[in-house]
Amino acid sequence: MKTKTVLTKMNPYKPGKQIEEVKKEYNLERIVKLASNENPFGFSGEVRSKLPEAIDQLEYYPDGYAREIREELASFYDVDEKQLIFGNGSDEVVQILCRAFLEEGSNTVMATPTFPQYKHNALIEGAEVREVPLTQGGHHDIETMLQTVDEKTRILWLCSPNNPTGVLMDKKTIDRVIEVCPDDVLIVMDEAYYEYADESRRYPSVEAVQNHKNVVVLRTFSKAYGLAGLRIGYGIADEALISAMEPAREPFNTSVIAQKAAVLALQDQSFLHRTVEETKKNKQDFMEFCEEIGIGYDQSEANFVLVHLPISGDDMFEFLLTKGFIVRSGEALGLPNSIRLTIGSEEDMNEIKEYMREKLT
Ligand SMILES: *Cc1c(COP(=O)(O)O)cnc(C)c1O
């Protein structure tokens with residue numbers, strides 16, 4: 001049997017360590033997972049209490065149009081219902097975009113390092129991937145990215161805040177990308193961590209969608225809303241763009257349960273606010289700690305921080321594992337001598353700080 005040639009050169013996604021795996025391996029009671037930017041405060045109590053009674057009629061396929069969450073979100077953002085597309089996580093919306101826009105002979109432009117799924121899906125579609133290194137401090141190098149765009153470019157990816165650096169793109173920069181980028185190139189703004197970014201600094205991307213037919217914004221219920229386990233994310237774009245993508249979407253790609261939970265989660269904005277406020281506070285404390293012990297970090301507007309270390313990221317990763325903390329080694333992300341860690345609860349952050357201090361001083 002023969003797969004697509006490109007697959008023979010690709011690896012499956014390597015997930016962060018799983019909690020049970022680490023418990024067994026290191027004989028630990030308690031594990032704190034700060035590796036995948038999940039919500040340490042869980043998810044909305046409204047979802048927990050109301051979802052069980054909302055789950056019924058599982059013998060039927062879900063509503064492929066996802067009407068209830070579609071109506072909720074359309075009114076939440078003040079956009080037309082037809083400007084939304086849902087995915088089994090925003091991961092799947094990335095896949096749909098690649099299926100819909102990329103093919104052999106086309107290319108796509110992105111930063112590196114950034115969220116790996118853009119490249120992964122683009123390669124499967126046979127497109128050429130053009131990666132432009134981030135500048136010092138973890139910013140998108142937009143001038144080089146714009147110069148890299150040519151007549152065969154179909155998608156330009158912006159990740160803001162960027163994963164794995166947490167750096168938010170400023171308004172002037174994004175305005176310039178939208179202005180200079182040819183109208184027939186799709187600009188994808190992946191805003192998985194949008195809710196965490198400072199309100200005064202985040203880009204008015206939904207407004208941009210209303211004014212530009214080639215912009216799509218990706219958001220998700222996985223991060224600040226705490227529903228990563230249910231898999232639901234979405235894209236917002238011009239109606240014609242969404243219609244163009246729809247044939248590449250599986251008809252029943254989001255489950256009954258995920259759709260319902262997303263509605264309940266969206267209605268509980270107080271949980272979101274608590275999550276964001278706690279995260280900001282703990283992140284601030286953590287950055288002060290980094291300064292105190294003299295290690296660098298990228299300025300993060302997300303719920304994680306990329307920390308620059310005087311030792312290898314793998315070393316720090318292994319050391320923290322023995323203490324029951326799972327983080328992401330920068331080596332695995334293409335950033336040696338760093339780790340990316342999700343901002344956890346105050347208690348857990350205080351504990352990890354002490355272990356880091358122990359290892360580094
Ligand atoms: C986590 C993440 C996503 C994917 O989120 P899902 O909605 O869970 O698929 C997308 N983009 C970035 C940058 C992320 O970090």
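## A right-handed unit

A crossover is right-handed if, with the strands pointing away from the viewer, the path from the first strand over the helix to the second runs clockwise. In this predicted model, strand S5, helix H7 and strand S6 form a β-α-β unit of that hand. S5 covers residues 153–159. H7 covers residues 171–180, between S5 and S6 in the unit. S6 covers residues 186–190.

## Strand pairing around S5

S5 pairs with two strands named here. Five bridges link S5 to S6, and the pairing is parallel.

Is S5 mostly covered or mostly open? Mostly covered: six of its seven residues are buried.

## Domains

The protein is split into domain 1, residues 5–43 + 270–360, and domain 2, residues 47–267. Their C-alpha centres are 24 Å apart. Contact between the two involves 28 residues of domain 1 and 29 residues of domain 2.

The UniProt record, an unreviewed entry, puts the feature "domain: Aminotransferase class I/classII large" at residues 31–352. That span is 40% helix and 18% strand. Its end C-alpha atoms lie 12 Å apart.

## The nonpolar cores

The largest nonpolar core holds 53 residues. Leu73, Leu156, Ile187, Phe221 and Ile236 have the most contacts inside it. Helix H10, residues 256–267, is the top contributor, giving seven residues.

A second core is separate and has 30 residues. Among them are Ala35, Ile293, Val307 and Phe325. In soluble globular proteins, nonpolar side chains tend to be buried together.

Which residues does Ile236 touch, leaving aside neighbours within four places in sequence? Its contacts are Tyr77, Val79, Gln83, Leu84, Val206, Val209, Val215, Val216 and Val217.

Technical notes: Residues numbered from 1 in each chain as written. Predicted model: local features only at pLDDT ≥ 70, side-chain atom pairs only at ≥ 80, totals over all residues. Heavy atoms only, no water. Core = buried A, V, L, I, M, F, W, Y, C linked by side-chain atoms within 4.5 Å. Buried < 20%, exposed > 50% of the residue type's maximum accessible area, 1.4 Å probe, protein only. Helix = DSSP H or I, 4+ residues; strand = E, 2+ residues; numbered from the N terminus. Contact = heavy atoms within 4.5 Å. Pairing = 2+ DSSP bridges. UniProt positions renumbered as here; feature names shortened; annotations may be inferred. Domains from an automatic or database assignment.
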